[in-house]
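Work through the exercises below with the coordinates open. Each task is followed by a stepwise solution.

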Amino acid sequence: MRNFHLILMPLKVKRFLLTSSESKNYEVCLLFGHPKPSEGLKVLTPLVEGVSTYASHRGDHFFIKRRSGVCFNSELLACPVDNISATTVILPHRESVNIEDFQVFLNHWVVLERVEGLPKLVVYDLPAIGQPLKGLGVGRPVDFVDPVYSVYLLDSQFSSIFYGFRIAP
């Protein structure tokens, strides 16, 4: 018998409700409100053994972090709201970089990575809502004055140009 945990969370824009069901080896994201609420829940990320996903939303796209046996350090994907099967890798898996977390904002995307054991925040510009999302380009790393061993992203306003994080030297 498998035990699953069910998590319900409204996405920042509150247009969709995301539910995540997870266990030790699985995680699936289901979506309510896409784009016709009367159709009920839609599978955003299918239940596949050994694959873990986390999703967020901005404008016309969902943003997904996917971790698997092949992409053990995670990769970041995007798909259009009106065609969730058209997933595109926008930040590929890298063997030397672990993608731990991310937050999507109105004009940028903040990614928490771990490189050689140390955390690193990287900020990527996003195109205006309604414009095609072709890739992330080159991100801007956040420079820390002293060595940092722990970084946690904090909840921040979606439309803000600022993002919050907590560090522990």
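Cavities and pockets are found on a 1 Å grid over the protein atoms alone: a cavity is a set of points where a 1.4 Å probe fits but cannot get out, a pocket is an open set with protein on both sides within 12 Å along at least five of seven lines, and lining residues have an atom within 4 Å of a point. This is a predicted model, in which local features need pLDDT of at least 70, side-chain atom pairs count only at pLDDT 80 or more, and totals for chains, interfaces and linings use all residues. Residues are numbered from 1 along each chain as its sequence is written, and side-chain values use heavy atoms, with hydrogens and water left out.

**Exercise 1. Characterise the largest cavity.**

Step 1: count. One cavity of 30 Å³ or more turns up.
Step 2: size. The largest cavity holds about 40 Å³ of space. Such a volume is the space filled by probe spheres set on the points, with grid points joined across faces, edges and corners.
Step 3: lining. Arg58, Gly59, Asp60 and His61 are among the lining residues.
Step 4: classes. Ala, Val, Leu, Ile, Met, Phe, Trp, Tyr, Cys and Pro count as nonpolar, Asp, Glu, Lys and Arg as charged, and the others, Gly among them, as polar. The lining of the largest cavity then splits into four nonpolar, four polar and two charged residues.

**Exercise 2. Find which strand gives the most to the lining of the second largest pocket.**

Step 1: size. The second largest pocket contains about 190 Å³ of space.
Step 2: lining. Val43, Leu44, Thr45, Pro46, Val48, Val51, Thr53, Ile64, Arg66, Leu77, Ile84 and Thr87 line this pocket.
Step 3: strands. Strands are DSSP runs (E, at least two residues) and helices are H or I runs of at least four, both numbered from the N terminus. At least two lining residues come from each of β4 and β6 (61-67).
Step 4: β4 gives the most, with three residues.
Step 5: classes. The lining of the second largest pocket has eight nonpolar, three polar and one charged residues.

**Exercise 3. Trace the open sheet that contains β9.**

Step 1: background. Strands of a sheet pair through backbone hydrogen bonds, either parallel or antiparallel. Here two strands pair if DSSP finds at least two bridges between them.
Step 2: order. Four strands form the open sheet, β9-β10-β11-β12, with antiparallel pairing. β9 and β12 (140-141) are its edge strands, each pairing on one side only.
Step 3: first pair. β9 (residues 97-104) and β10 (residues 108-115) share seven bridges. Asp101 has Leu112 in β10 as its bridge partner. Three residues separate β9 and β10, which form a hairpin.
Step 4: last pair. β11 (residues 118-125) and β12 pair over two bridges. Val122 is bridged to Pro141 in β12.

**Exercise 4. Decide whether Glu49 is buried or exposed.**

Step 1: location. Glu49 sits in the loop between β4 (41-45) and β5 (52-58).
Step 2: cut-offs. Buried means under 20% relative accessible area, exposed over 50%, and partly exposed in between (1.4 Å probe, protein chains only).
Step 3: Glu49 has a relative accessible area of 57%, so Glu49 is exposed.
Step 4: a distance. The C-alpha atoms of Glu49 and Ser68 are 8.8 Å apart, with the two residues 19 positions apart along the chain.

**Exercise 5. State how many helices and strands the protein chain has.**

Step 1: count. The protein chain has zero helices and 14 strands.
Step 2: burial. Of its 169 residues, 42% count as buried.
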